[in-house]
Amino acid sequence: MRPFVYNALPARVVFGIGTIGQVADEVRRLGCRRALILSTPQQQSDAERLAAQIGDLAVGVFAGAVMHTPVEITEQAMGRLRDLGADCTIALGGGSTIGLGKAIALRSDLPQIAIPTTYAGSEATPILGETEQGRKTTQRSLKVLPEVIVYDVDLTLTLPPALTATSGMNAMAHAVEALYAQDANPVTSLLAEQALAVLAEALPRIVQSPGDRAARADALYGAWACGTCLGSVGMALHHKLCHVLGGSFNLPHAETHTVMLPHATAFNAASAPEAMAGIARALGTADAAQGLFDLAGKLAAPRSLRELGMPGDRLDEAADIAAMSPYWNPRPIERDAIRALLQDAYDGRRPDPALYPTTATETVNV
Ligand code: NAD
């Protein structure tokens, strides 16, 4: 056993089917009486249904959450929060809505209940990404970690198959990078491998049959486990590349993670053989990167940056930005190798293990 440091995050998790019925109790348990419910415009009717359900404990709905947590939207929500005298927030939705709840918590220090309806995992992390004048910045603070997460499997039944596939692969990216994280530890490594196995098994079942409650429950559990990994250990090249592609080229979040994951995994394979063995074991495949690429294919998810609208003549620029600021990765970041990786991802090429040989004698650089 290697030496390690493990920081557990304080959060209460309520997981099950029909748990939305417990939200009123959770509000009271926090000592609150005036909740502001947050959602995207698309999920406004769900937020209003929740408001009606918890009755006097809800003071209003703010249905303006959008992707990348723009500061202007947070300021509008803060205005509404003050006008209504809210004493807590309830974020009902995916990473965008939960991001808004976190941005409000950063400014107000009010407690939050997160009710996730995608697999992005933001609810389990003390990380907040915000956008101001087109620039996305990320910070870590326990202030933004939701006090309570209520997972209700039924709320995920409406997540369309395409979003289920990409959101699920987005979750898996957290687990993949947790396995070779600089600060990997036995708790997150166990969770990560189990989460990969559960999601790899559940996602194809859901894409076939979106109403399959058992598969939905497995996937939501896997998403929580992946989010817990993301919240506990540092991420590396894959997340950095997705940040660059989303932030500077406006590519969609979950889809970009889906396309990039097999290529980032292949890039790191030779430097993280133990992690690769864990990923391959979880997927039931011989090769980690190919297993992820094939899973995306099975889910009919996008597998090339070209499909996502990335301009082919800007791959050099993306490689430059990704190689510019130093960050930890099991394999050193070299600009030309990143450029080659981006080309593979752009073309949607199946990662070729011959190009990234792994040997049992290599040591993991953690
Ligand atoms: P999202 O929250 O933007 O949701 C995408 C769309 O799907 C929205 O229109 C939403 O209303 C809809 N939707 C969500 N759940 C649904 C359901 N069950 N049924 C029908 N429609 C549903 O997408 P996302 O991928 O969950 O979140 C992406 C955002 O989260 C990005 O901004 C990303 O940076 C952030 N994120 C942050 C962290 C973190 O730790 N800070 C982690 C992961 C993602």
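This is a predicted model: local features need pLDDT of at least 70, side-chain atom pairs count only at pLDDT 80 or more; totals for chains, interfaces and linings use all residues.
**Around the ligand and between the domains**

User: Hi! Which residue has a side-chain N or O atom 2.9 Å from an oxygen atom of the ligand?
Analyst: Residues are numbered from 1 along each chain as its sequence is written, and side-chain values use heavy atoms, leaving out hydrogens and water. A polar contact is a pair of N or O atoms within 3.5 Å. At 2.9 Å from a ligand oxygen, the side chain in question belongs to glutamine 43.

User: How far is a polar side-chain atom of threonine 40 from an oxygen atom of the ligand?
Analyst: Threonine 118 has a side-chain N or O atom 2.6 Å from a ligand oxygen. For the polar side-chain atom of threonine 40, the distance to an oxygen of the ligand is 2.6 Å.

User: What share of the ligand's accessible area does the protein cover?
Analyst: Accessible areas come from the Shrake-Rupley method with a 1.4 Å probe. On its own the ligand has 870 Å² of such area, and the protein covers 85%.

User: Which helix gives the most to the shell around the ligand?
Analyst: The ligand is surrounded by 22 residues, each with a heavy atom within 4 Å of it. They divide into seven nonpolar, 13 polar and two charged. Helices are DSSP runs (H or I, at least four residues) numbered from the N terminus. With three residues, the top contributor is helix H4 (residues 95-108).

User: Where does the ligand lie relative to the domains?
Analyst: An automatic or database domain assignment sets the bounds, dividing the chain into domain 1 (12-156) and domain 2 (161-355). Because both give residues to the shell, the ligand lies between domain 1 and domain 2.

Technical notes. A polar contact is a pair of N or O atoms within 3.5 Å; within protein, one must be able to donate a hydrogen and the other to accept it, and residues adjacent in sequence count only if both atoms are side-chain atoms. Helices (H or I, at least four residues) and strands (E, at least two) are DSSP runs, numbered from the N terminus. Ala, Val, Leu, Ile, Met, Phe, Trp, Tyr, Cys and Pro count as nonpolar, Asp, Glu, Lys and Arg as charged, and the others, Gly among them, as polar.
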